[in-house]
Amino acid sequence: QCGMHILHHSTKGEDVDIILARLKSVKAFEKFHPALLQQICLCGFYECLEKGITLYRQGDIGTNWYTVLSGSLDVKVSETANHQDAVTICTLGIGTAFGESILDNTPRHATIVTREFSELLRIEQKDFRSLWENYRRCMAGLLVPPYGVMESGPNTDSKYTHLQSMQIVPSEKILRASKVLRNTILSRAPHIIRDRKYHLKTYRRCCMGTELVDWLMQHTSCVHSRVQAVGMWQVLLEEGVLNHVDQELSFQDKYLFYRFLEDESEDAPLPTEEEKKESDEELQDTLLLLSQIGPDAHLRMILSKQPGQRTVDDLEIIYEELMHIKALSHLSTTVSAHYMNLEGISLVCTHFSKPKIYKKILYIYIYIYIYTNPMPKKWGHCTNCDHYMYYVLLLIERFEQISSDVEANTVRLKEHEEDVLVLEKTNNRGSTSSPLKYTVMSGTPEKILEHLLETTKLDSQFTESDPALDDFLLMHCVFVPNSQLCPLLMRSFTYHAQPSQGSEQERMDYSLNNKRRVIHLVLQWAAINTDHLQEEDSSFHFLQEFYETVCEDSRLIPTLKDQLPELEKIIKQNPSPSFQHKVLLRQFSTGNDRLQKKQPIKSTDEILFKVYCSDHTYSTIRVPVSASVREVIAAVTDKLGSGDDLLLIHLNSAGLLKPSDVSIFSSLSINGRLFVCPRDQIDSLTPLPEQEGPSAGSMSTFELMSSKDLAHQMTLYDWELFDCVHEHELIYHTFGRQHFKKTTANLDLFLRRFNEVQLWVVTEVCLCPTLSKRVQLLKKFIKIAAHCKEFKNLNSFFAIIMGLGNPAVCRLSQTWEKLPSKFKKFYGEFENLMDPSRNHRAYRLTVAKLEPPIIPFMPLLIKDMTFTHEGNKTFTDRLVNFEKMVSLQGTYFSISETILPESATGKSHQDVRSYVRHISVMDNQRTLSQLSHRLEPRRT
């Protein structure tokens with residue numbers, strides 16, 4: 001070890017100045033009071049160490065405290081007495097401090113070795129204790145080591161131990177946020193920061209937790225609850241710029257005292273008038289920043305609590321987070337509920353300069369065990385600090401206990417030694433007569449149906465809806481199509497209604513109740529499957545046969561006659577598909593049909609469509625909407641009388657279409673067209689002139705229209721499209737529509753509308769040659785987006801914001817520079833709602849607070865369903881994974897149940913209505929980018 005020591009007893013003034021200047025350049029000391037820095041310089045020693053020098057070893061009794069001025073050091077931990085077994089768990093960089101064990105003479109928890117040439121500041125034990133006593137609050141953030149410590153000693157309750165977290169040096173953003181909030185409070189409500197007395201003790205210049213929450217609620221619209229406000233203040237507390245007077249680790253909405261870091265010193269200055277003005281201007285941006293990172297801080301605060309201290313609201317927040325983790329998405333409700341209050345769930349903050357997951361840190365396993373498969377996961381949420389990561393630890397022993405508890409509550413029905421139905425037993429808190437509830441986890445379709453029928457509650461009107469039965473009726477097309485379900489329902493009504501035991505009256509009652517349940521189920525099935533009844537002969541014939549069977553049984557059981565009118569009504573409302581009038585549609589992308597109120601498109605509907613040849617001639621064919629590629633080619637071949645092997649090409653984006661693709665007409669891109677040609681002519685195909693889109697913008701048309709009227713008419717049109725989408729289309733889209741041979745035309749058109757609005761924004765901006773006009777365009781679109789959000793039309797709202805974020809638009813720096821700051825702020829807030837972090841938390845929180853009607857952001861809804869589908873098997877051990885069906889149905893139902901066919905308020909103008917339904921756009925990103933570069937060439 002080599003070093004240059006400056007002793008504190010003989011330190012010269014110029015030496016102190018040199019060390020002081022060096023310390024001020026280290027971020028860890030930026031917030032320190034000058035008096036404290038002066039004392040550190042007077043009693044500190046400067047050390048310069050070569051690479052590979054061992055500063056101290058694990059188990060040594062410490063005599064010095066250190067902080068890193070330059071270079072880096074490795075932290076090594078060994079589980080044995082042999083130091084050669086030590087494993088490097090992290091690296092200490094510039095500004096980190098270590099060696100706090102000298103305060104209580106506990107052994108060193110790790111071995112510290114220089115990783116490279118390093119410069120350190122060293123303070124001896126006696127001097128450090130003196131500094132700690134005099135400047136405890138200011139130095140608190142430097143005491144806990146970034147590599148974590150073992151909880152040890154005879155008072156440890158558990159054989160497992162947890163890692164401690166380090167309070168890191170605050171980032172520049174949070175330091176500035178703290179200053180802005182303090183200045184604004186002193187400017188607008190100076191009474192909040194004042195000297196307070198409690199139990200005869202005076203606390204200088206502090207605030208009360210409840211008053212801080214009240215103040216935050218009054219000064220911003222982005223805070224919707226007191227819990228959210230608590231999370232925002234917790235951000236400041238975590239980073240040490242707001243402290244509890246007794247060093248509590250969490251912010252609470254209570255009569256507790258907190259103090260800003262600047263008020264820790266005796267002579268804390270008051271803000272100047274200039275600083276107050278600057279803080280007022282920055283306040284809303286500061287509050288927006290804290291509202292974005294507050295939920296993370298709030299979650300960390302909850303996880304740092306002991307399980308017994310967590311409230312019901314805390315457990316709900318943890319549960320929500322668990323459900324956003326892909327590795328846990330397939331766990332049953334019981335297992336997830338265990339995790340919410342698991343003793344093994346603890347917060348671990350690791351201060352790694354290069355974050356890694358280690359299989360074992362001492363006796364702590366960073367594992368997430370999913371059933372029987374141990375998988376180390378990078379599970380957690382990164383904050384804005386690259387070196388700060390958070391992990392939730394599940395201890396192995398506790399997990400195994402949970403697994404055993406869950407298996408004990410699992411009921412398995414077997415036939416021929418094989419499972420046919422798996423149920424989960426839970427407490428039924430909502431019922432006094434039936435304390436236990438059995439929920440279907442998996443099973444064969446027949447046994448699931450039997451169980452649901454047996455558990456259907458009988459009352460005079462069947463007023464209580466059974467969620468599991470609703471899930472089955474909506475999702476059954478995945479695992480038991482109508483062609484198989486209808487015979488099952490008929491068999492349930494007849495065969496299973498013949499009990500062989502009991503008195504005559506008991507057998508009659510049993511038979512009657514069973515038949516009533518089946519009739520109730522069939523009525524629900526018919527209500528959900530209206531489209532199927534009108535498209536499938538087998539379903540219609542079943543309904544007729546079922547009606548006749550009920551009529552016959554009603555002669556023996558007169559009570560059943562009450563059910564006949566409803567069955568008869570359904571049959572009359574759904575005539576046989578053979579006699580239905582087939583609706584003839586024209587090409588989706590053109591024509592005046594957009595001015596007509598939209599009606600749902602059915603698989604049996606037919607369409608007149610133009611299919612082009614390589615020379616741009618075309619043939620008009622008439623085929624079903626759900627026609628496959630093979631059927632379209634057959635129709636074109638028949639029309640052309642060609643014997644060549646033809647291929648169907650979607651010219652613009654998708655290219656060659658597969659023969660099995662269905663609903664191809666509605667899935668075309670906005671300016672896409674269908675071409676047919678032999679394989680050797682594919683390279684010679686060229687787009688039609690009309691596919692290039694408009695050559696001039698339409699700003700002169702819609703700039704005179706009210707932004708609110710435009711948003712209103714867009715909402716009405718979007719609602720018509722969305723109202724036509726049936727839940728089944730989402731299922732077909734998620735599982736693959738080729739497996740069902742059904743159309744998803746209504747869903748496709750709604751998704752295409754999203755793309756159309758997005759490209760409309762990009763097209764209009766890129767076709768506007770004048771800078772001032774482009775600025776006006778940006779303002780216009782931001783206004784329209786704001787009104788769409790006001791009308792709760794989130795689909796068009798996000799389409800507009802994504803259009804403004806398109807590379808061809810966002811690169812126009814000269815245009816954005818001219819945009820007034822007010823509109824930049826609005827756009828920034830709207831962009832934050834699109835933040836994909838934490839599973840689109842910002843969007844989900846916004847939707848949760850909206851009252852119906854709501855038009856959802858459909859692409860995210862589809863993403864959620866796809867995520868659930870791909871993350872869970874449809875069949876497990878040849879049994880239907882019914883929990884997956886419940887999750888999928890819940891994803892859509894959570895939106896659909898809140899939507900009511902109401903219209904937004906606003907004036908209706910025919911010209912506005914016509915404009916928003918006939919938007920002309922370019923859908924070629926390369927062309928749009930070229931136009932953008934012509935408007936504002938790249939700066940050199």
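The model is predicted. The protein has 940 residues, and 52% of them are buried. Its secondary structure consists of 33 helices and 29 strands. Among contacts between residues at least 6 apart in sequence, 70% are between residues at least 24 apart. The accessible surface amounts to about 45200 Å², and carbon and sulfur atoms account for 50% of that area.

Turning to the aromatic rings, the structure contains 31 aromatic pairs. One of them is formed by Phe702 and Trp760, whose ring centres are 5.5 Å apart. The angle between the planes is 55°, and the pair counts as tilted because only angles over 60 degrees are classed as edge-to-face and those under 30 degrees as stacked. Phe702 and Trp760 are both buried.

Aromatic residues also group together elsewhere in the model: Phe754, Phe797, Phe798, Phe830, Tyr843 and Phe857 make up one aromatic cluster.

Arg108 is placed over the face of Tyr56, 3.9 Å from the ring centre. Lys610 is placed over the face of Tyr618, with a distance of 4.7 Å to the ring centre.

Definitions and conventions. Residues are numbered from 1 along each chain as its sequence is written. This is a predicted model: local features need pLDDT of at least 70, side-chain atom pairs count only at pLDDT 80 or more; totals for chains, interfaces and linings use all residues. Side-chain values use heavy atoms; hydrogens and water are left out. Helices (H or I, at least four residues) and strands (E, at least two) are DSSP runs, numbered from the N terminus. Buried means under 20% relative accessible area, exposed over 50%, partly exposed in between (1.4 Å probe, protein chains only). Contact means heavy atoms within 4.5 Å. Accessible areas come from the Shrake-Rupley method with a 1.4 Å probe; for residues, only the protein chains shown count as cover. Rings of Phe, Tyr and Trp (its six-membered ring) pair if their centres lie within 6.5 Å; planes under 30 degrees apart count as stacked, over 60 as edge-to-face and the rest as tilted. A charge sits over a ring if NZ of Lys or CZ of Arg is within 6 Å of the ring centre and within 35 degrees of the ring normal.
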